[in-house]
Amino acid sequence: MDTAVTTESEGTTWGGGNQPLNASYGKMMMWFFIVSDALTFSGFLVSYGFSRFKFIETWPIADEVFTHVPFFHGNYPMIYVAFMTFILIMSSVTMVLAVDAGHKMKKNKVIWYMFATIIGGAIFVGSQAWEWATFIKGDFGALETKGGRVLQFVKADTGERAALADFATALPEDRIKHESKNGIWYQEEGYQTSFSLNEVITGFKANPGILIRTETINEDGEKTLLTREQSLDRLSDAVRVVEGANLIRNEYGSRLFADFFFFITGFHGFHVFSGVVINIIIFFNIILGTYERRGHYEMVEKVGLYWHFVDLVWVFVFTFFYLV
Amino acid sequence: MAHAHKLRIFRWAGGKTFKSNTVKIWWVLGFLSLVTAVEVILGIFKPEVLTKNYFVGMKLLNWIFIILTLVKAYYIAWDFMHLRDEKSALRRAIVWTPIFLVSYLVFILLYEADYIYNIFKNGFFAWDF
């Protein structure tokens with residue numbers, strides 16, 4: 001039987017060569033990638049939300065965790081991340097301007113705007129690294145209990161946080177860190193804290209002006225402060241000293257907070273890094289005149305889409321890690 | 001050229017037609033910076049009216065943050081990623097797919113998280129020791 005029926009319309013609408021979405025193959029695929037990557041990031045952020053809602057009463061307060069600004073001493077929550085956000089939005093703007101100049105075939109303008117975009121991206125990645133380093137190093141130090149809860153210290157008179165060095169007593173119990181070159185080969189200790197548990201406990205008992213703060217958030221949205229008696233009682237649960245944050249322990253509170261912080265900002269930072277690398281490749285292609293010869297700057301537009309996407313993700317990371 | 005830009009934006013505020021794409025971009029930058037500044041100021045001062053009052057189990061302040069984030073996301077996607085200038089079919093395919101999937105994911109995971117929170121709180125389960 002004759003099943004292949006040809007009609008007139010096949011030649012025009014369905015005959016191929018049409019672009020119903022008015023986007024080239026490369027641009028469509030970039031959008032395809034962006035949508036799937038957006039779903040990946042959503043998965044990460046929602047699982048962060050899951051863990052947070054699960055421990056809603058004990059989750060660390062971001063304003064107390066990220067308080068530092070490079071070259072400045074003191075307590076400035078959010079200022080630095082706000083700066084990072086601005087840098088990333090700014091580099092998005094120079095990217096849009098590069099795309100715009102590309103549409104007008106102005107090669108030199110595209111070069112300079114791409115250059116500015118790369119610089120912005122590099123500043124952002126550098127800031128991210130600094131933020132990580134500060135977070136890993138830690139602020140005040142804390143104790144961890146048998147159940148994995150974190151006990152932090154507060155000065156009773158001022159209500160400010162007390163660092164371990166403020167009250168811990170140095171005891172004659174120096175132990176040398178075991179390194180791989182000594183004793184059994186290829187075995188070494190992890191990091192060693194600057195004070196032992198014993199030194200912190202002795203110092204705490206000798207200083208009546210120090211109180212313990214638990215992870216639990218009270219009705220005022222602040223961490224619960226124990227009385228001196230409760231503090232001494234709670235101190236007996238402590239099993240180790242924690243300084244800074246890593247994937248296993250975290251002086252700021254819930255360990256999951258540090259895990260998600262490293263994972264999500266790390267994954268985003270990796271996107272920014274690869275974005276900078278791709279931008280550099282495109283940058284050199286522009287200088288070499290590749291797109292001038294090709295007759296259009298669509299590659300700049302495509303890499304631009306990726307770059308804006310990275311900015312878009314940061315807007316969400318900023319909200320869910322630093323603001324909410 | 002095929003790159004016709006729609007230059008009338010901010011329609012919620014009466015609308016503003018820009019004379020070129022470049023000018024529009026700088027205005028969008030100004031707007032995004034303003035929104036970020038508002039977020040940071042609210043985050044530093046935390047007005048009590050917004051932190052003491054709740055709506056659907058979340059502080060008003062957090063609702064404001066999330067809404068402002070979505071506003072920023074809208075302008076990044078619409079003007080920086082120039083979705084505003086794309087065909088509506090492409091725009092809808094890109095935008096509604098994640099919105100639909102992510103809304104479901106958010107609902108199911110946060111609902112389950114709240115359930116586990118209640119188990120930790122009310123069940124005979126020791127975790128604070």
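Let's start where the chains meet: from H10(A), the residues A:His308, A:Asp311, A:Leu312, A:Val315, A:Phe316, A:Phe318, A:Thr319, A:Phe320 and A:Leu323 touch B:Asn62, B:Phe65, B:Ile66, B:Thr69, B:Leu70, B:Lys72, B:Ala73, B:Ile76 and B:Phe80 of H3(B), where contact means heavy atoms within 4.5 Å. By class, this contact of H10(A) with H3(B) has 12 nonpolar, four polar and two charged residues. For the classes, Ala, Val, Leu, Ile, Met, Phe, Trp, Tyr, Cys and Pro count as nonpolar, Asp, Glu, Lys and Arg as charged, and the others, Gly among them, as polar.

A quick word on ground rules. This is a predicted model, with pLDDT of at least 70 needed for local features and 80 or more for side-chain atom pairs, while totals for chains, interfaces and linings use all residues. Residues count from 1 along each chain as its sequence is written, chains are lettered from A and ligands numbered from 1 in the order in which they are written, and side-chain values use heavy atoms, leaving out hydrogens and water.

Back to that pair: the axes of H10(A) and H3(B) come within 10 Å and cross at roughly 175°. Axes here are lines fitted to C-alpha atoms, for helices over the stretch in contact, with angles from 0 to 180 degrees between N-to-C directions. H10(A) is therefore roughly antiparallel to H3(B), the label for angles over 145 degrees. The helices themselves are DSSP runs (H or I, at least four residues), numbered from the N terminus.

H3(B) covers residues 60-80, and its 21 residues should span 30 Å at 1.5 Å a residue; the end C-alpha atoms are 29 Å apart, so the two agree. The expected span is 1.5 Å times one less than the number of residues. Just past H3(B), B:His82 has a positive phi of about 40°.

Now follow H10(A) (residues 298-323) back into its own chain, where its axis and that of H8(A) (residues 255-288) come within 10 Å and cross at roughly 160°. So H8(A) is roughly antiparallel to H10(A). Their contact involves 20 nonpolar, six polar and no charged residues.

Chain A has another pair to look at: H3(A) (residues 79-103) packs with H4(A) (residues 107-137) at about 160°, their axes 8 Å apart. These two are therefore roughly antiparallel as well. Here the contact has 17 nonpolar, eight polar and two charged residues.

Zooming out, chain A splits into domain 1 (25-138 + 257-323) and domain 2 (142-243), with bounds from an automatic or database domain assignment. Their C-alpha centres lie 37 Å apart, and the contact takes nine residues from domain 1 of chain A and eight from domain 2 of chain A. Chain B has domain 1 (1-85) and domain 2 (87-129), with C-alpha centres 24 Å apart. Each of these chain B domains gives four residues to the contact.

Methods
Angles under 35 degrees count as roughly parallel, over 145 as roughly antiparallel, 65 to 115 as roughly perpendicular and the rest as oblique.
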